[in-house]
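User: I would like to learn how to read the features of a structure like this one. Could you take me through it step by step?

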Amino acid sequence: MAEDQAVAELERFLADRADHLLRAAMLLTGSREAGQDLLQTALERLLRHWSTLDGDPEAYLRRTLYNLATDGFRRAGRLQRKLVLLRAEARPAADPAAEVDLRDALIRLLLQLPPRQRAVLVCRYWEQLTEAETAELLGWPEGTVKSAASRGLRRLRDLASGWQQAELHETGPRGLGG
Amino acid sequence: MSTNVEDLLREGMQRFTEGVRAPAGLAYRAAQRRRRRRIVRGAMLGGAAVATATAAAVAMIAAGTVAQPGTSLAQARAAALVVSRVKHALASEHNVFVGRTLSTGDQPSVTWAYGAHNRFEEFTGTQCGRVNTSGDCSHQGGSQRYLATGTALVNGKLTGAYVTYFDHKYSLSPVYKMPASACGRTAITMGGPPLPTQHWSSFIKATLDCGAAKVTGHVWINGQETIQITGKPITVRLGRGEANAVHEKYARALWTLYVNPSSYLPVRMIGVTETFGGSGGHTRFESVTNVHWLPPTSANVAKALVTIPPGYHQVKSPADQ
């Protein structure tokens, strides 16, 4: 009975926030399907603690979402955890049509970054959080957030630079925003 | 469009998620999944003792039948020799089993077993380090105890126990009964065979008799000659819940035991589980357990029981941990 009530309350909360949370989960996992799985897992955990939750459910849910995406797989089921590890090298095939846009290329590279770097970049550039807020959300030291963001961005910059050179080589001078 | 990478990234993120709407009923679905998981975890706790040496991920029921024993004469002779030796090995089973397991993903565990007592303890591993009260890794501080499952003495009665150290909780359940062999409808586990932790000799004999495993050679391990016994690969169709969770249709388990030729007690066990047939992509999980047998001193025997630390809070089932 208590759980039914919790579910109803959670549904009301999600009516406003689910889209944003699912989008963040997509960016953390790389696909809508995996994002939905991640969000569901975070929701399960939220339900488990609903009766004892002290404070904002969204803050708890977001933190859970990011923790699960980075290293919470220890609790997400052993088999799933192993699959995460085993699939670390396997990435979705690139869509040739999307190659033409650096923005898409950046997102593909983002999805190949280590989970912690990816989580930091999603916090910073999707959630628009400061480094201090990101550190608080993830429960990491601010220095860890800074270094993860810096490493992740460096890789993205390398890609952007390589992409620009390739574009110039193939098509002659052209603005990136073409 | 800006050439600044940060701006491009923001725009890319917007584009990647553009128009995505969350389906209705997410909370109801999460509640349903939670209920299903409770059921699965309850079943897993029952199977935990089976999985002691392999850190089981999921218990599955092999629906298929087991093939007949190998037909070659050499194979038959080898099996007969093993069976005759096994019959005389029962007296060697009064030592304490200690299995140290390393598996895919830096996940160490230790199994202690003596008679009907057993304790499987999993550690976080050095990559994960200390965990917080939700069980999340800190990546600092080195490996620590994560959970223990097996048997405990509660009010003088042997009972099943599941302890999670990170949140200071435990739950109790009936003691799981070990399978007598790996034949027929068998609980197979992630990465390994259905391993009993008592009556090894009769387990091996029954498993060889029914053809669920065969003698496949002699291997030297740590300066000791061992007999290699290989289980017949078992493929199972994953249950709907597991299949949905991992986006795969089938799991195949392969296992090998290396046993002492005189005592027929295991020296090493290797378990492999592969998943395939779905959109998730082929995966392989492997665990290796090195086994030692210690004299049954009171200190060693005591280690084969799960102890519930004082102050831990009892919950209804592992689903609440």
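**Reading the two chains**

Analyst: Start with the order of the elements: from the N terminus on, chain A runs α-α-α-α-α-α-α-α. Keep in mind that this is a predicted model.

User: How many helices and strands does chain A have?

Analyst: Chain A has eight helices and zero strands. Chain B comes to six helices and 15 strands.

User: What share of the residues of each chain counts as buried?

Analyst: In chain A, 40% of the 178 residues count as buried. In chain B, buried residues make up 43% of the 321 residues.

User: And how do I read the contacts by sequence separation?

Analyst: Take the contacts between residues at least 6 apart in sequence, and ask what part of them joins residues at least 24 apart; in chain B that part is 62%. For chain A, residues 24 or more positions apart account for 58% of the contacts with a separation of 6 or more.

User: Which residues of H3(A) are buried?

Analyst: They are Leu61(A), Arg62(A), Thr64(A), Leu65(A), Tyr66(A), Asn67(A), Leu68(A), Ala69(A) and Thr70(A).

User: How do I describe the packing of H3(A) with H6(A)?

Analyst: Begin with the axes, which come within 8 Å and cross at roughly 150 degrees. H3(A) is therefore roughly antiparallel to H6(A), since angles over 145 degrees count that way. Then look at the residues: Tyr66(A), Ala69(A) and Thr70(A) in H3(A) meet Pro115(A), Arg116(A) and Ala119(A) in H6(A). By class, this contact of H3(A) with H6(A) has four nonpolar, one polar and one charged residues. The three H3(A) residues named here, Tyr66(A), Ala69(A) and Thr70(A), are among the buried residues of that helix.

User: At what angle do H6(A) and H7(A) cross?

Analyst: The axes of H6(A), residues 115-125, and H7(A), residues 131-138, cross at roughly 130 degrees and come within 10 Å. That angle makes H6(A) oblique to H7(A). The crossing of H6(A) and H7(A) is right-handed.

User: Which residues of H6(A) and H7(A) meet?

Analyst: From H6(A) there are Ala119(A), Val120(A), Cys123(A) and Arg124(A), and from H7(A) Thr134(A), Leu137(A) and Leu138(A). The residues of this contact of H6(A) with H7(A) divide into five nonpolar, one polar and one charged. Ala119(A) is also one of the H6(A) residues that meet H3(A).

User: What should I look for in the backbone angles?

Analyst: Most residues other than glycine have a negative phi. A positive value in such a residue deserves a note. Gln128(A) has a phi near 60 degrees and is found in the loop between H6 and H7 of chain A. In chain B, phi of Asn155(B) is near 50 degrees; Asn155(B) sits in the loop between strand S5 (145-154) and strand S6 (157-164).

User: Are Gln128(A) and Asn155(B) buried or exposed?

Analyst: Count the other C-beta atoms within 10 Å; 12 or fewer make a residue exposed. Gln128(A) is exposed because the count is 9, and Asn155(B) is exposed because the count is 5.

User: Where does Lys177(B) lie?

Analyst: Lys177(B) lies in the loop between strand S7 (169-173) and strand S8 (187-188) of chain B. Lys177(B) is exposed, with 11 other C-beta atoms within 10 Å. Lys177(B) and Ala116(B) are 61 residues apart in sequence and 8.8 Å apart in space, C-alpha to C-alpha.

Terms used:
Residues numbered from 1 in each chain as written. Chains lettered and ligands numbered in written order. Predicted model: local features only at pLDDT ≥ 70, side-chain atom pairs only at ≥ 80, totals over all residues. Helix = DSSP H or I, 4+ residues; strand = E, 2+ residues; numbered from the N terminus. Buried ≥ 20, exposed ≤ 12 C-beta atoms within 10 Å, placed from the backbone. Contact = placed C-beta atoms within 7 Å. Axes fitted to C-alpha atoms, helices over the stretch in contact; angles between N-to-C directions. Parallel < 35°, antiparallel > 145°, perpendicular 65-115°, else oblique. Left-handed = near helix turned anticlockwise from the far one by under 90°. Nonpolar A, V, L, I, M, F, W, Y, C, P; charged D, E, K, R; others polar.
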